[in-house]
Amino acid sequence: MPITVLLVDDEPLVRAGLRAVLEAQPDIEVVGEAADGAAVIPLVRQLRPDVVAMDVRMPLLDGIEATRAVLKSVDEPPKIVVVTTFENDEYVYEALRAGADGFLLKRARPAEIVHAVRLVAEGESLLFPASVRQLAAQYADGVGNRAARAVLERARLTERESEVLRLMARGLSNAEIAARLVVGTETVKSHVSAVLAKLDARDRTQAVIAAYESGFVAPG
């Protein structure tokens with residue numbers, strides 16, 4: 001089955017460019033488009049895309065609020081990648097905190113766009129981990145840190161789960177973590193699932209954000 005994608009951007013040329021790049025791939029299908037975040041929820045419910053590629057800045061409802069709305073209102077929500085002009089934008093970090101699975105630069109090369117969609121659809125690795133670290137170092141605030149520290153303390157991660165979370169934060173995939181720890185991939189998947197459940201995180205991106213904000217993992 002192909003990875004299905006919904007494109008959301010107020011610039012028709014951006015949508016056309018993304019569609020051309022993605023539909024050139026045999027395993028990706030663009031199932032719809034929207035010009036604003038306000039149209040996302042009904043389209044997600046109708047089309048059930050695997051991935052939403054969504055502009056972070058839009059005139060009526062931006063990508064941050066649209067992300068929150070989708071995750072709050074849609075059962076089994078899709079993966080969300082916010083599309084942005086600047087990677088160090090505070091809007092991008094707020095979108096990640098709101099539940100987005102990653103971000104993509106509008107100037108990205110076609111191969112990077114395709115890789116990003118496939119990666120978030122699989123959910124077994126972190127998209128652009130170095131950039132996530134930089135965003136956490138730049139925009140994590142005191143309130144976020146206190147809340148994140150409380151979450152980590154309540155989670156009571158085991159030593160192995162803590163090790164897995166640190167490796168997740170470095171951007172390692174499940175297969176790479178398995179090789180590093182000399183265990184099976186299924187064992188790693190079980191540890192990752194336990195980490196997400198204990199942190200009440202939707203996916204590994206949210207778990208990694210919590211790890212950086214709490215100081216459990218240093219962003220540098």
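How do the residues of the lining of the largest pocket divide into nonpolar, polar and charged? Hi everyone, let's start there. They divide into 10 nonpolar, three polar and four charged, where Ala, Val, Leu, Ile, Met, Phe, Trp, Tyr, Cys and Pro count as nonpolar, Asp, Glu, Lys and Arg as charged, and the others, Gly among them, as polar.

A word on the basis: this is a predicted model, where local features need pLDDT of at least 70 and side-chain atom pairs count only at pLDDT 80 or more, while totals for chains, interfaces and linings use all residues. Residues are numbered from 1 along each chain as its sequence is written, and side-chain values use heavy atoms, with hydrogens and water left out.

Back to our pocket (on a 1 Å grid over the protein atoms alone, an open set of points with protein on both sides within 12 Å along at least five of seven lines; lining residues have an atom within 4 Å of a point). The largest one holds about 320 Å³, the volume being the space filled by probe spheres set on points joined across faces, edges and corners. Of its 17 lining residues, Arg-97, Leu-199, Asp-200, Gln-206 and Ala-210 lie nearest the centre. Helix 11 gives the most to this lining, with five residues (helices are DSSP runs of H or I, at least four residues, numbered from the N terminus).

Now the cavity, a set of points where a 1.4 Å probe fits but cannot get out. Thanks, all!

Key:
Helices (H or I, at least four residues) and strands (E, at least two) are DSSP runs, numbered from the N terminus.
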